[in-house]
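Welcome, and thanks for stopping by. Shall we walk through this one together?

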Amino acid sequence: MLNLVALILLFPLIGSAMNGLFGRRLRKESIGYIACGAIGLSFFISVLVFIGLLLLPPEERIFEKHLFSWIQSGSFNAAVGFQVDPLSSLMILIVTGVGFLIHIYSMGYMHDDKGYHRYFSYLNLFTFSMLLLVLSNNFLLMFVGWEAVGLCSYLLIGFWFEKKSASDAAKKAFVVNRVGDFGFALGIMLIFLTFHSIDFTEVFNAASHGEFAIGNITITLITLLLFMGAAGKSAQIPLYTWLPDAMEGPTPVSALIHAATMVTAGVYMIARCNVLYMLSPFTMTVVASIGATTALFAASIGLMQNDIKRVLAYSTISQLGYMFLACGVGAFTAGIFHLMTHAFFKALLFLGSGSVIHALSGEQDMRKMGGLKNHIPITYKTFLIGTVAIAGIPPFAGFFSKDEILLEAFVRGNVIYWSIGAFAAFLTAFYMFRLLFMTFHGESRVDPHVKEHLHESPRNMTIPLIILAGLSIIGGFWGLPGASALNHFLSPVFGGHGHNEMHGVEAGAHHGIGLPSLMMVVSTLIAIGGIWLAYQMYVKKQELPKKLAERFALPYRILYNKYYVDEIYDAIFVNPVKKISVQLWKKVDAMMIDGSVNGVARFVTGTSNIFRFLQTGYVRNYAFYIVVGCIFILILTTWLNK
Amino acid sequence: MITLTHYLVLSAILFSIGVVGVLIRRNAIVIFMCIELMLNAVNLSFVAFAHYLHSMEGQMFVFFSMTVAAAEATVGLAIIIAIFRNKETVNVDDMNIMKW
């Protein structure tokens, strides 16, 4: 069954090509069926591959399929090959599974769009690229997938490119990602220089066999460069600014690419390279600090946003910060666990918000919502489940994964990581319930004109919501603390530090048996506290937020304006670069380059205007020149020979 | 005694006559004949060298150049006829359109 792995990639690629090439002539139903069928088949094969992997004994659960040799130059050898192991099999299940649901949802959501076939072609292409990223068995092929998802993200953010803001957001996402990718590319080159190979197995084997001391400078540099790539793709400080703007794309795209799958690529990459990262304590500290800072920073911005999708975008950044925090303290399993549960509930929340936007004919401002819960009951119920899951209330999925991250941060990291994480969790619970209350509860602030058309979404949109809600409820049980099936499943990949995992648990035991349970109680209380505060402010005393905003005008303004980071970046990077570019264009390009090219042409024209009089048209004259030339050469040679 | 120098001087004189003829005559056919004269002046020096150096190579070259000259005469005459049909003249002063 494992041999089928290439088919997982093939179906989305075929689907993308069919819709891209012939979509214009196909009927809408066929376009949707082709796209969903491709992903559905891909999901089916992924399940088969997953089962095939489970049938193997745990220590043999790594399968490599070499397709062909791609680039061969000297000792450099890049293959096109796929690696199936617990980590990548989990990722393909998430990508194809969540992707399949979002494809179905899109059939309803995008139904009236004139770019229907283009949309599905991009979406399939994205799935293909993401699968390539997670299945590749070497760094270069992974980089290809990495860049391809970036491209698809660009295409889909700018899907409604007639809108200036959408095409600007697409450009921003592409350019900011380029900064990270630059680091990633350098990291790959350094890996090749150090290990003389870019194959995962060879590199990680060499790294784990003690050739490099812990804290080795080269390894530190490599991991930092790779992390730069991860920070760009996974929207961490300082490269997170593109993700909120990416909400200009269609909502299912935000759900699939900018919440559930692509943005987790950075976490996946770090988890994949865990052997390298474990060799560099310094990088681990950087990863954990940036993760924790991002979690808090983005959560605080999320408090004041009024656009329903932007709140979710900042919450995504914040949750990604958690995953990096987990990886940074060495708890890769916890990071991947949160990646998985996050994929479920964040896809659910985005699709739910899409359903709200659909019901309100395109309105995204939460100040113009409210009281929707009776109008769109299915959306409300599923959205509630997603919100509770992300807020971290047991027994929903988000609780277990977030709790595990906080526990690991406390045990392996330090109290600071834990307190930042816990405070961010409080903020998360608060702003998510603020969103829920503002959207679904209270009095309706909906435009009366819009209110007439208020309707629940069609079945192909609500069914994915229900399935995702189910996953958000049960998804956490795979990683129950103490008896974590996920931990056991992933241990071959993170096996190099199985010892370390033990250490974590032992240390926990050392602090007293009650520590994990105590942590659970604390994080539940934190979440309930956040929810209570949101309830007080946005349901009971609705004048309170306004009063607070007036009272704390300065902090409010700073948060509302997202710490002015975009403005600062504009001032420091964007505008100087623009100015320099204008200068380069006007001075160097227009004056020097064009000037010299035109100058050469003018010189040739000018001189030939003089010399063209030699061209009389009489053959006799030409013959005469030849004779004169011959005589001249004769005289010259005789004179030189003397 | 006729030495190599005599032959070479004769050859040079014939060649120069040919060159001057090409440059100053107006009739295309005469110019053409002058070119033949130049060719044959060179042939003469070839043969002279071959004789005095006791080598057959010079004579071989002459055969080649005579062959080429025959071919060239055919083509050249054909061109002149074509021009005459077109312009009704073989005066080279009337042929000055080879310019921009």
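**A guided look at the two chains**

Guide: In this predicted model, Glu88(B) counts as exposed, with 8 C-beta neighbours inside 10 Å.

Visitor: Where in chain B does Glu88(B) lie?
Guide: Glu88(B) is not a glycine, yet its phi is positive, about 60 degrees. Chain B has three helices, and helix 3 covers 57–87. Glu88(B) lies in the segment after helix 3 (57–87).

Visitor: Is Ala235(A) buried or exposed?
Guide: Most residues other than glycine have a negative phi. Ala235(A) has a positive one, near 55 degrees, and sits in the loop between helix 8 and helix 9 of chain A. The cut-off for burial is 20 or more other C-beta atoms within 10 Å. Because Ala235(A) has 31 of them, Ala235(A) is buried.

Visitor: Which residue does a cis peptide bond join to Ile237(A)?
Guide: Most peptide bonds are trans. Here omega is about 5 degrees and the bond is cis. Ile237(A) is joined to Pro238(A).

Visitor: What radius of gyration does chain B have?
Guide: The C-alpha atoms of chain B fill a box of roughly 50 × 25 × 25 Å along the principal axes. Buried residues make up 11% of its 100 residues. A compact globule of 100 residues would have a radius of gyration near 13 Å, whereas chain B has 17 Å.

Visitor: What share of the contacts in chain B with a separation of 6 or more comes from residues 24 or more positions apart?
Guide: A contact here needs C-beta atoms within 7 Å. Among contacts in chain B with a separation of 6 or more, residues 24 or more positions apart account for 45%.

Visitor: How many nonpolar residues are on the side of chain A that touches chain B?
Guide: Ten residues of chain A are in contact with nine residues of chain B. By class, the chain A side has two charged residues, three polar and, to end on your number, five nonpolar.

Conventions:
Residues numbered from 1 in each chain as written. Chains lettered and ligands numbered in written order. Predicted model: local features only at pLDDT ≥ 70, side-chain atom pairs only at ≥ 80, totals over all residues. Helix = DSSP H or I, 4+ residues; strand = E, 2+ residues; numbered from the N terminus. Rg over C-alpha atoms; globule rule 2.2 N^0.38 Å. Buried ≥ 20, exposed ≤ 12 C-beta atoms within 10 Å, placed from the backbone. Contact = placed C-beta atoms within 7 Å. Nonpolar A, V, L, I, M, F, W, Y, C, P; charged D, E, K, R; others polar.
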